[in-house]
Amino acid sequence: MPSKRERSASTRNIFRDVASDLQKQIADCSIELGRYLPTERDLQLQYNVSRSTIRRALSRLIDDGWAHNVPNKGVIAGSGLRPLKSNRIAIIDQDNFVTRVLFTRMQDRLRTLGYELEQFVGVEQMPMEQEMLRALDQDFAGIILWPYQGFPNQEIIRRVCQSMPVVVLDHRLRDSNHDLVTFDHFENGRRATRHLIEMGCQRVAITGMMDMLDTTHQIFCGYMAAQFDAGLKPQARDYAFIHTSGMEEADPIPLRTRLTAEDRPDGLLVLTDDFLAVTIETALRVGLRVPQDIKVMSIGDDVDVTVESCGTSAVARDWDDMMNRAVELIVERIEDPMRSPRIQIANSSMVIRGLCGAPQEKWNAGLHEPTSFNGKLPFPRKQYSYRNHWSVDVADRTHSGGITT
């Protein structure tokens, strides 16, 4: 039988167990940020402990930053008490054409609202959760994050999201409370594939990048759904992905093998436009003409690719709409940090030019016209130009293959 001292020590530690359990519920979103915790009486019944134990547990939860007290009302999940020490907002992303334009435009927009946007350019050697901690430690008012790593440290991510407003772009972080601005990736994959089928394709393969992100999988599912809608039967050998996380450059062998097979596809969905140029090159190098022999659609219209006088056909993501929604959400969260996280879906549109096989009278955008941003671009897009007669013995694109700038 435990001694009186041991029983007393055990009783004293119960409040820590209660606090730990409540913390876990907040961390895994069982108790949402901004929601009141159960009353002291309800917690007494739930844990079968005294009122003083519950009060000690709640005090511990508040002291550790997992909740805050509202006098005469109760205890709310989330810190809520972190003072706003600056008007600086951090944007954490990797350097590319889209993020450079987004940063420039968000910076201008936020400045008119009284905030300064500073860019933390992420690299593989600097994990994004460390960049988030840097923004937290330097008392930034909030973070706009485009995740660039698939498996970050979840404990750190949760800690930052509990401590300051975070708006995430494109794909969600697991088990964390944050606002999200994304696109309807499933419908985008479905629309692009459906269009190729409407252009007469009977066998649509998918290429580009496949990785662990849910957004990638949603596009793939949309690709599958469009074929089932049309009564087609997708084949596993038509999954000709050429890139995944960890690769430094694309490997065209799977696609080349598929395009030289006797039962080759007559349509290609490229996931995403980053891999459109290498996809076109691979098709041309094996002797196929685009779009006469194989029609092509891409997810994204941020790379300008032409073959002869045919331009990119794509589902264009409206980055200006994403930018406006992200700015609205981060300012809302800074001004009202206890409101529940929200998800917003930014706009996308079908861009029809010639690579999908559409005749010119069906095009809805000019040959080199940017469609993902409005107005003048502060940075040039990548441009690739090809002819339909690839000289395979010439490796340099600037000669008989294509031109890139």
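Asp 320 is buried, with a relative accessible area of 7% (buried means under 20% relative accessible area, exposed over 50%, partly exposed in between, using a 1.4 Å probe and protein chains only). Arg 105 is buried too, at 15%.

These two form a salt bridge, with their closest N and O atoms 2.7 Å apart. The term covers a side-chain nitrogen of Lys or Arg within 4 Å of a carboxyl oxygen of Asp or Glu. Arg 105 sits in helix H4 (residues 97–112) and Asp 320 in helix H11 (residues 319–335), so the pair ties together parts 215 residues apart in sequence. Helices (H or I, at least four residues) and strands (E, at least two) are DSSP runs, numbered from the N terminus.

## About the model

This is a predicted model: local features need pLDDT of at least 70, side-chain atom pairs count only at pLDDT 80 or more, and totals for chains, interfaces and linings use all residues. Residues are numbered from 1 along each chain as its sequence is written, and side-chain values use heavy atoms, leaving out hydrogens and water.

## Two other pairs

Asp 301 makes a salt bridge with Arg 353, the closest N and O atoms being 3.2 Å apart. Both residues are buried.

Then there's Asp 179, which pairs with Arg 339 at 3.0 Å between the closest N and O atoms. Asp 179 belongs to strand E7 (residues 179–182), while Arg 339 is in the loop between H11 and strand E14 (343–345), 160 residues apart. Asp 179 is buried at 0%, and Arg 339 counts as buried at 12%.

## The whole structure

How many salt bridges does a search of the whole structure find? It turns up 22.
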